[in-house]
Amino acid sequence: MKIGIITPMPEEKGSLVAALDNKQTVLIVDMEIILGDYGHHQVILMESGIGKVAAATATTVLIQQYHPDAIINTGSAGALDPQLQIGDTVIGRQLAYSDVDVTVFGYDYGQLPGQPTYFEADQMLVKTFSKLTTTGSVGLIVSGDQFVQQSQKAEIKKHFPQALVAEMEGAAVAQVAERFNIPFIILRGVSDLANGDSGIDFDEYVVEAGRASAQLLLTFLDQQ
Ligand code: ADE
């Protein structure tokens with residue numbers, strides 16, 4: 001398979017870079033792309049940068065330049081579900097925007113005009129990834145241009161009580177992948193509990209969280 005991987009930050013991609021063979025680095029504007037092999041898979045690993053616009057542009061470039069069979073977005077996230085702990089992995093079955101409000105025109109909170117409220121990840125990928133982990137949670141991931149701390153957490157949970165984690169890219173990757181009809185899935189490792197300590201915890205655990213998420217992805221590739 002030709003797999004396109006999007007990871008927002010260098011801290012989140014280290015273990016993936018280390019796992020690739022025959023690496024070649026390409027720069028498209030400021031976006032670093034590492035082309036490489038993992039077993040019999042061809043991998044395009046793209047560092048998108050942080051936030052929805054960075055994620056959307058990277059996903060568009062990835063699709064247009066490399067035509068991947070599937071897109072996997074991996075990285076870290078802040079826990080919204082109180083059951084989750086730092087280091088846990090989460091598989092996004094649905095993605096929604098946590099910071100979109102066009103409700104004045106009758107849309108759901110989180111819904112953009114012309115878009116679904118919930119973007120659905122590829123069902124086969126969700127099923128396959130879910131079987132790979134006994135400890136990982138599967139469900140809703142919300143994305144917004146906000147690093148979620150205690151103050152935003154209650155508001156997001158009010159709109160999305162079922163959300164497992166908050167991050168800053170997944171729904172944008174989902175929207176673009178869906179537009180181009182490319183199967184996608186979003187994976188996250190928990191780096192913080194989206195509370196008063198989230199800034200400090202993030203700095204301390206982002207590498208570990210990124211590694212946990214990336215490990216799930218590599219386990220998937222091992223079995224394909
Ligand atoms: N990524 C990791 N932790 C996060 C948080 N608390 N909010 C948004 N994105 C994150």
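Val 165, in strand S9, is the bridge partner of Ile 141. The structure is a predicted model, in which local features require pLDDT of at least 70 and side-chain atom pairs count only at pLDDT 80 or more, whereas totals for chains, interfaces and linings use all residues. Residue numbers start from 1 along each chain as its sequence is written. Helices (H or I, at least four residues) and strands (E, at least two) are DSSP runs, numbered from the N terminus.

S8 and S9 pair (at least two DSSP bridges between the strands) in the parallel sense over four bridges. From S8 the chain passes through helix H4 (residues 150–159) to S9 in a right-handed β-α-β crossover, that is, a path running clockwise from the first strand over the helix to the second when the strands point away from the viewer. S8 also pairs with strand S6 (residues 89–97), in the parallel sense and over seven bridges; here Ile 91 stands opposite Val 138 of S8. Strand S8 (residues 137–143) is largely enclosed by the rest of the structure, because five of its seven residues are buried. Buried denotes 20 or more other C-beta atoms within 10 Å of a residue's own, exposed 12 or fewer, and partly exposed the range in between, with C-beta atoms placed from the backbone.

Beyond residues up to four places away in sequence, Val 165 touches, among others, Ala 77, Leu 84, Ile 141 and Val 190 (contact: backbone-placed C-beta atoms within 7 Å).

Around the ligand lie 13 residues, of which Ser 76, Gly 78, Val 148, Glu 167 and Ala 194 come nearest; a residue is near if its backbone-placed C-beta atom lies within 6 Å. Strands S5 (70–79), S9 (163–167) and S10 (184–192) and helix H6 (198–223) each supply at least two residues of this shell, and S5 gives the most, with three. By class, the shell has seven nonpolar, four polar and two charged residues.

Ala 194 is located in the loop between S10 and H6. This residue has a positive phi of about 45 degrees although it is not a glycine, and Ala 194 counts as buried, with 27 C-beta neighbours inside 10 Å. Val 29, in the loop between S2 and strand S3 (31–38), likewise has a positive phi, near 40 degrees. Val 29, however, counts as exposed, with 6 C-beta neighbours inside 10 Å.

Notes: Nonpolar A, V, L, I, M, F, W, Y, C, P; charged D, E, K, R; others polar. Contact = placed C-beta atoms within 7 Å.
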